[in-house]
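I opened the notebook to record what I looked up, entry by entry. Each entry takes one part and says what I found there.

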Amino acid sequence: MPFFRNLRQKIKRNSQQSSISLILGVYLLGVSLLVFLPAAWSFGLAFFQFDGLTPPRWNGGVNFILAYSDQLFSLSVRNSLALIILPAPVRVLGALLAARLMQRRGRWIGWLRSAVFLPSAIPVAAMAAAGLWIFNPLYGPVNLLLQQLGLSPPAWFVEPLWAKPALILLSFWSIGEGFLVCLAALQDIPSEIDEAARVDGAGLGRIFVSITLPVVAPTLALLAFRDMILSFHNSFIAIFFTTAGGPYYATFTVTQLIYEQAFDLLSFGTASATLWALYTLSGLLVIGLYVIIRTWNIGITDEPFIL
Amino acid sequence: MSHSSFRIALRFAGRLLTAFFFSLPAIWIIAAALHPPGTPLPRTLWVAPDHASLENFARLGEYFAWARLGFNSLWISLVGVGLTIVSASLVGFCVSLLSRRSQQGWVILWLALLMIPEIALWPTRFVLFKNLGWIDSPLALLAPAWIGASPFFILIYYRAFRRTPREIFDSARIDGAGILQSWLLVALPVTAPTGMGIGLLSFLFFWGDFTSPMLYLTSERFATLPLALQTLQQLARSDWSLMMAGVTIVMFIPMALFIALTPYFNRRSWGQ
């Protein structure tokens, strides 16, 4: 009898194993079809001339020459650095500060936290369209506010010098996802540590730098990477609505360039060659990620929190 | 004692100010949308109109069929949310049952997937959908639900399952429950608050999706609300109160949903 019971358990376990494999297999199939295949495809398409209609034709490295000798390419890379890469750490730090401020319980804490997330509940396209009005030189509330303070505010999206700051400022409102992740990461710091440090005479700034920052550092690094990648997408929509890459290409990013090459000029090959620059960035981030995972042993230790 | 109550008051003031700062866009948008058309916009800091009017929303009908677009947005988002909850939780649950080593492999895969910008997939996904016949079909908009909409959602679910004591799943297994049964009858109910959070975030994902309909839809048949903003931006660029009425329509349902769910999240301590 025990033999049969063992056998039955074994079959049961095997059937469990196979349903786990089946479910994960379906997921991997989806990832392959929707992510890996398109990624590999455009990686290779860089060597072909392809308009999406006629079959692709091999043209060697011509696309790379076309893509990287384009003056717009280096300009768009510099703009992407300023609009996407550099603001990311600042946005993450802002999310952390907001989370630190809202960490402990207190009056109305739930609603106050929810207010911080509120702009992130606004769809990106809606927020972008609203940005046109918020930063409007004549009627926009931001400029009315600045005028009340006695300043003479710029015309934001219309001026080459001020279009970038306007886009970055607009993006500072939508940090809800990072805020939630930081909040969850901070919950894992036992409040006794805070109390002990305070009893020992540590000030708020000292506690933040010596206790909070080291504990949430890996989370912050992951969030900053994530923020950059997400910003490629979100800034595209914001720019699409507000400046369309102008004025005088001041806000023309790599994403705009790729969109134009692929969907306006139907030159998928050149677009793919430009995409190689993005894949390089993704590759660097994945390497950075791997280092972080190895250093902090994310995923195998019993740490309470992973992103 | 008084020192600490002073600190609490100071902290509360800081929190109020922060909350106010983050409420500003919504306040500004709605105030402008309620402004009666044809009258000049106020040039003072007090943005609330003296005579609030809903006329702008009626005028929106001249530019796009917002009822039909809203209906498309709604059903596509709801189907997307349902599919995402199923796929993200199933994958997260299955991975949480694997060995520690394989779990780390999956976490690395998800984090790596998070590092691929969506733009990198647009051109070839377009060609792929074209070959699959998904162009101008809701399938192109719903496709991400197959893979949990975002690896981020799967990670959150995975984390929730790992935080749940193992014994709960083990006892279900001893009672003879298969994977699907313990997922449906045990795992999903014990992670209900996570499910609510993912439901909300994935609703925002599908409802707010602007690029998929822009790239993959060719006719108006399945057009969703965010596309209407593009129409407004082109046709009514300087009619600010009209445009903000359009923005209000697009943001209304996700924002109302979020505000309605806040008491639920408040009871279950945020971010957990």
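**Entry 1: one glutamine**

I first asked: is Gln261(A) buried or exposed? Gln261(A) is buried, with a relative accessible area of 6%. Buried means under 20% relative accessible area, exposed means over 50%, and partly exposed is in between (1.4 Å probe, protein chains only). I found Gln261(A) in helix α12 (residues 254-264) of chain A. Helices here are DSSP runs (H or I, at least four residues), numbered from the N terminus.

I then listed what Gln261(A) touches, leaving aside neighbours within four places in sequence: Leu266(A), Ser267(A), Thr270(A), Ala271(A) and Thr274(A). Contact means heavy atoms within 4.5 Å.

**Entry 2: ground rules**

I noted that this is a predicted model, in which local features need pLDDT of at least 70 and side-chain atom pairs count only at pLDDT 80 or more, while totals for chains, interfaces and linings use all residues. Residues are numbered from 1 along each chain as its sequence is written, chains are lettered from A and ligands numbered from 1 in the order in which they are written, and side-chain values use heavy atoms, with hydrogens and water left out.

**Entry 3: where the chains meet**

I looked up the contact between the chains and found 105 residues of chain B touching 113 residues of chain A. The size of an interface is often given as the accessible area lost when the parts come together. Chain B and chain A bury about 10,000 Å² between them, and 77% of this is on carbon and sulfur atoms. Buried area is the accessible area (1.4 Å probe) that two parts lose on being put together, summed over both.

I counted zero salt bridges between chain B and chain A. A salt bridge is a side-chain nitrogen of Lys or Arg within 4 Å of a carboxyl oxygen of Asp or Glu. Between these chains there are 13 residue pairs in polar contact, both residues at pLDDT 80 or more. A polar contact is a pair of N or O atoms within 3.5 Å; within protein, one must be able to donate a hydrogen and the other to accept it, and residues adjacent in sequence count only if both atoms are side-chain atoms.

On the side of chain B that touches chain A, helix α1 (residues 2-33) of chain B gives the most, with 17 residues. That side divides into 72 nonpolar, 19 polar and 14 charged residues. In this sorting Ala, Val, Leu, Ile, Met, Phe, Trp, Tyr, Cys and Pro count as nonpolar, Asp, Glu, Lys and Arg as charged, and the others, Gly among them, as polar.

**Entry 4: helix α11 of chain A**

I found Arg226(A) in helix α11 (residues 204-242) of chain A. Arg226(A) is buried, with a relative accessible area of 12%. Not counting residues up to four places away in sequence, Arg226(A) touches Glu177(A), and also Leu114(B), Met115(B) and Ser150(B).

What does Asp227(A) pair with in a salt bridge? The partner is Arg91(A), at 2.8 Å, N to O. Asp227(A) lies in helix α11 of chain A and Arg91(A) in helix α4 of chain A, so the pair ties together parts that are 136 residues apart in sequence. Asp227(A) is buried at 12% relative accessible area, and Arg91(A) is buried at 11%.

I also checked helix α8 (residues 160-171) of chain A, where Ala163(A), Ala166(A), Leu167(A), Ile168(A) and Leu170(A) are buried. The buried residues of α8(A) pack against α3 (71-85), α4 (87-101), α6 (124-134) and α11 of chain A.

**Entry 5: salt bridges in chain B**

The count over all chains comes to four salt bridges. One of them joins Arg59(B) and Asp239(B), at 2.4 Å, N to O. Arg59(B) is in helix α2 (residues 55-60) of chain B and Asp239(B) is in the loop between α12 (225-235) and α13 (240-267), 180 residues apart. Asp239(B) is partly exposed, at 23% relative accessible area.

Arg68(B) forms a salt bridge with Glu220(B), the closest N and O atoms being 3.8 Å apart. Arg68(B) is partly exposed, at 36%, whereas Glu220(B) counts as exposed, at 56%.

How values were computed
Helices (H or I, at least four residues) and strands (E, at least two) are DSSP runs, numbered from the N terminus.
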